[in-house]
Amino acid sequence: MNSVMYDTYTIFWRELKRYKKSRSGVLIRLIQPAIWIIVVGNIFSETQPLIQSVGFEGEYIEFMAPGVIILTAIFTSIFGGVNTLWDRRYGFMNKALTSPISRSAIALGKMSAISLIAALQASLIIGIALAIGVTFPNPLMIIPIMGIVILFSLGFSGISVTLAATAKSQETFWGMINLLGMPLFMLSPALFPLELLPNWLAVVAKLNPVTYTVLLVRELMTGVSEGGVPILISIAVIFAFVVAMVAIASYVFTREVNKPF
Amino acid sequence: MYSIETKSLTKSFGDLVAVNDISFSVEQGEIFGFLGPNGAGKSTTMMIFTTLLKPTSGKAMIAGFDVMKDAKHVRENIGFVQQETTVDEYLTGRENLLLQAKLNHIPKNEINSRIDEVLDLIELSDKQDQAVVTYSGGMRKRLDIAGGLLHHPKVLFLDEPTVGLDIQTRRKIWQYIKKIHIEFEMTIFVTTHYMEEADNLCDRIGIIDGGKIQVIDSPQNMKNALGNEIISLVIENNNNHDSFLVELKKIEFIKKINEDDSKLTLFTSNGTEVIPKIFQISSELGIKITTISLTQPTLDDVFISYTGHEIRDDKSKFNRKIEHAKMKRLRA
């Protein structure tokens, strides 16, 4: 077990080194969520009556800021697994596979690095949100929010690593990511309250772990509880999602990398 | 104890047999060259030895451990330097080695001294803190090789270590490999399709073609086995072609004849005495010799004599199809 931890840290260290060296990547990853919060947040500011109808008193931008934080987490982490494909193409994977480190440690190291990177990106978005006037009733809440973002991103990095391990080509991977990322984001209360969704969509949204994460982060950020989901239920759903995804990713990754690429 | 030992090792992809029932062993401390044209089964064999592929049947022991049953121990005892350079470009040379050290579980308190040691060996100490992206191809390769040595493996696998490098760099890499061999006393298993490289580096050479080992011996013995001279001649096509061959075979010094259309290659000794005899036979049979030459055999000739084709010969269409099918299966 000790050695799995050490090996996981080795891969984690390598992934973070690579992230640190790609300064342009940090900015590029920020552009999309920044556009969401600045542009969409302002365009939809007139929809305030809609969100007031479900008991949210603040500005629209304050309502959607948690959604954009989660958006950042979703997309940073779901793209994060792509270097698995590069690693297999350019030999790093074979290097790791012929060394004594455990296979699942490679997957775990990648996932933990991706989730930390996603959280860093999300914290930059929180910074942007604060800069454009979003306020936190209780600034200390940032700590649990970051914890949730890290945990949630770990689940999504599991999805990413699973897809990257099974995809034979970049095209398949990107196709799958686009197929999954946007719908999961849209089918959540990130932009609009759950109460405004038609019934059948609301049912689908309730099956989506993103929904619980957005509700939880929004409640911590704004103090408004929405959708009638208790905090503990949300936390439990996120935990279950993360445990399941990490397990699936480790299993699939270990199985797939043993096949020739 | 042998460093590498295989018994009836076979790997097939569907109907295609990439490695066909090979058995051989490599002694501890040897530099063993594995020679063959593209698609001969070199890489597949190397992948089995490095635990990246499982054999279909047969057995392979590396440093005394079974690649199937004891892959983890095999991995602890091998270094693998792949054909393509695998160093992380945006990390510095030293960081790359640090990563490699961690991957191979080198004890923390030894990591720095090991890195200094190999950096010194490959003469990259002064560039160690620069990002690899600034390195030349040869420097990257050296760094890659250093990474494979860091944990002092018992067996070092080098897959085409000099492919794509210029001749000067290639020579330099050979020097490093020899230096490593002396300094660490490790067994080195190297695949290559450069004859010169095999001749220069290896204690023994195995020639593989079509998934089978054709011959294993030292480069010098191989060349000697062919006689010490080669006569190449081109003749004009003639009805007496076959009887010409029959007569040639009767000359006692000729050890082997390879035929490629109108081009004949005779492996022989006492070449200067053989040539007049050839002329005598040809004039009796009315065969016209267009050109004739007498040369010393190179490893290239050894290769041709065992495989029937040159190492970089384009294979027939049929073989290319097989190759394609194999790559497709590998990817699937």
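Angles under 35 degrees count as roughly parallel, over 145 as roughly antiparallel, 65 to 115 as roughly perpendicular and the rest as oblique.

## About the model

This is a predicted model, in which local features need pLDDT of at least 70 and side-chain atom pairs count only at pLDDT 80 or more, while totals for chains, interfaces and linings use all residues. Residues are numbered from 1 along each chain as its sequence is written, with chains lettered from A and ligands numbered from 1 in the order in which they are written.

## A helix pair in chain A

Helices (H or I, at least four residues) and strands (E, at least two) are DSSP runs, numbered from the N terminus. In chain A, helix H4 (residues 60–80) and helix H11 (residues 209–222) cross at roughly 130°, their axes coming within 9 Å. Axes here are lines fitted to C-alpha atoms, for helices over the stretch in contact, and angles run from 0 to 180 degrees between N-to-C directions. H4(A) and H11(A) are therefore oblique to each other.

From H4(A), the residues that meet H11(A) include Ile69(A), Ile70(A) and Ile74(A), and their counterparts in H11(A) include Val214(A), Val217(A) and Met221(A). By class, this contact of H4(A) with H11(A) holds 9 nonpolar, 3 polar and 2 charged residues. Contact means C-beta atoms, placed from the backbone, within 7 Å; Ala, Val, Leu, Ile, Met, Phe, Trp, Tyr, Cys and Pro count as nonpolar, Asp, Glu, Lys and Arg as charged, and the others, Gly among them, as polar.

## A helix pair in chain B

Helix H3 (residues 93–103) and helix H5 (residues 137–149) of chain B have axes 9 Å apart and pack at about 30°, so H3(B) and H5(B) are roughly parallel to each other. Gly93(B), Asn96(B), Leu97(B) and Gln100(B) in H3(B) face Leu143(B), Ala146(B) and Gly147(B) in H5(B) across the contact. That contact of H3(B) with H5(B) has 3 nonpolar, 4 polar and no charged residues.

## The sheet of chain B

Chain B also holds an open, mixed sheet of 6 strands, ordered E6-E7-E8-E3-E9-E10. Its edges are strand E6 (78–81) and strand E10 (212–217) of chain B, each pairing on one side only; two strands pair if DSSP finds at least two bridges between them. On average, neighbouring strands of the sheet are turned by 15° against each other, direction ignored.

E6(B) runs parallel to strand E7 (residues 155–159) of chain B, and 4 bridges join them. Phe80(B) has Phe157(B) in E7(B) as its bridge partner.

Technical notes:
Two residues are in contact if their C-beta atoms, placed from the backbone, lie within 7 Å.
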